[in-house]
Amino acid sequence: MKHIVLTGGGTAGHVTPNIALIPKLKENGYSISYIGSYDGIEKKLIEELGIPYYGISSGKLRRYFDLKNFSDPFRVLKGFGEAKKLLKKLKPDVVFSKGGFVTVPVVIAAKRCRIPAIIHESDMTPGLANKLCLSSASKICCNFPETVENLPKDKAILTGTPIRQELMNGNPEAGRAFCGFSSDKPVLMVIGGSLGAASVNENIRKILPELLKEFQVIHLCGKGKMDESLTGTEGYVQYEYIKKELPDLFALSDIVISRAGANAICEISALKKPNLLIPLSAKASRGDQILNARSFERQGYSMVLEEEEITESTLQDAIHELYAKRQTYIDAMSESNHVDSIQKIIDIIEECTKASV
């Protein structure tokens with residue numbers, strides 16, 4: 001039987017594309033194992049699917065001063081040793097990596113073990129973890145055409161990002177019942193990402209009384225970021241994280257506000273939901289979300305409001321404009337040539353599997 005090792009972690013965005021591939025991989029006769037960190041979000045998400053999960057030591061590669069910068073290289077080295085040992089034991093035909101710091105030792109170990117490794121880069125520019133993996137990768141799957149142009153021609157392929165197919169099958173009425181909403185006001189969903197977005201949460205809550213005059217609000221605010229004082233507010237529901245009911249909540253939503261992580265915006269675009277993107281500030285990141293957001297804005301899929309531009313009035317104005325022009329965004333997303341990312345990536349996996357036999 002063909003065997004694949006999936007790896008990726010740190011945030012849900014480094015796990016959900018792997019999850020999207022699993023049904024098709026099983027259909028194509030692969031047995032699947034997963035290598036992640038000992039206690040990252042990926043562990044819970046993957047174990048719930050009944051996929052064999054193996055944890056390794058993982059260090060974060062920071063671009064700023066932190067005392068952990070002195071200890072984490074040793075954790076990465078330890079992770080490399082553990083990954084190499086695991087790969088020799090599991091003997092996969094191929095490794096597929098979705099990014100995140102835990103993947104660096106796995107991809108480098110795969111090269112040492114002569115196992116082809118495919119990496120996937122969702123953002124416009126490769127993150128630090130993927131940059132460190134480029135020379136060890138057999139193929140690099142990319143989400144943006146702009147990314148392909150700046151990577152080795154013999155490795156980079158435009159595939160788009162795999163979307164979880166269950167998201168496409170949401171039931172708006174089930175979502176309405178779950179939230180306890182009425183049918184007389186439109187629904188705005190706010191997504192802060194799996195780790196939450198403190199400034200987005202804060203700004204939405206500031207204008208909530210005004211918003212609730214026109215909208216009902218679903219707020220996915222991230223772990224530990226609920227505001228208990230708002231519990232029971234009519235027309236407003238907040239959740240740390242939603243998994244099973246997410247397709248229904250998307251189906252119910254008329255417009256969406258989100259960070260601009262590549263996986264999130266690709267899911268929103270595939271679902272054709274008019275959206276306002278608030279990318280993570282360049283001060284708090286390498287600026288990848290700003291590039292992602294501006295690319296989607298150029299294509300007519302999204303409105304963009306940068307964090308530094310947010311005031312109570314600019315945020316309210318943007319939400320009202322988005323709702324007023326929602327059909328324009330739906331039309332633009334409907335006309336886009338979405339590739340079948342899952343099939344395209346499976347074809348690359350099959351090609352690398354055959355080459356390794």
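Biologist: Which residues touch the most other members of the largest nonpolar core?

Modeller: A nonpolar core is a set of buried Ala, Val, Leu, Ile, Met, Phe, Trp, Tyr and Cys residues joined through side-chain atoms within 4.5 Å. Buried means under 20% relative accessible area, exposed over 50%, and partly exposed in between (1.4 Å probe, protein chains only). Here the largest core has 57 residues, of which Ile218 and Ile319 touch the most other members. Strand β8 (residues 187-191) contributes the most to this core, namely 5 residues. Strands (E, at least two residues) and helices (H or I, at least four) are DSSP runs numbered from the N terminus. A second, separate core of 27 residues includes Ala83, Val106, Ala110 and Ile119.

The model is predicted: local features need pLDDT of at least 70 and side-chain atom pairs count only at pLDDT 80 or more, while totals for chains, interfaces and linings use all residues. Residues are numbered from 1 along each chain as its sequence is written, and side-chain values use heavy atoms, with hydrogens and water left out.

Biologist: Which residues does the UniProt annotation "binding site" cover?

Modeller: UniProt positions are given in the numbering used here, with feature names shortened, and annotations may be inferred rather than shown by experiment. In the unreviewed entry, this annotation covers Thr11, Ala12, Gly13, Arg164, Ser194 and Gln289.

Biologist: Where does Gln289 lie, and is Gln289 buried or exposed?

Modeller: Gln289 lies in helix α12 (residues 288-298) and counts as buried, at 12% relative accessibility. Contact means heavy atoms within 4.5 Å. Leaving aside neighbours within four places in sequence, Gln289 is in contact with residues including Arg259, Ile278 and Leu280. A polar atom of the Gln289 side chain lies 2.9 Å from the backbone nitrogen of Leu280. Arg164, in the loop between β7 (156-158) and α7 (172-179), is buried too, with a relative accessible area of 11%.

Biologist: How many salt bridges does the count come to?

Modeller: Side chains of opposite charge can pair when their charged atoms come close. A salt bridge is a side-chain nitrogen of Lys or Arg within 4 Å of a carboxyl oxygen of Asp or Glu, and by this rule the count comes to 15. One of them joins Glu297 and Arg294 (2.8 Å, N to O); both residues lie in helix α12, 3 residues apart, about one turn of the helix. Glu297 is partly exposed, at 32%, and Arg294 is partly exposed, at 24%. Elsewhere, Lys44, Glu48 and Lys243 are linked in a network of salt bridges.

Terms used: A polar contact is a pair of N or O atoms within 3.5 Å; within protein, one must be able to donate a hydrogen and the other to accept it, and residues adjacent in sequence count only if both atoms are side-chain atoms.
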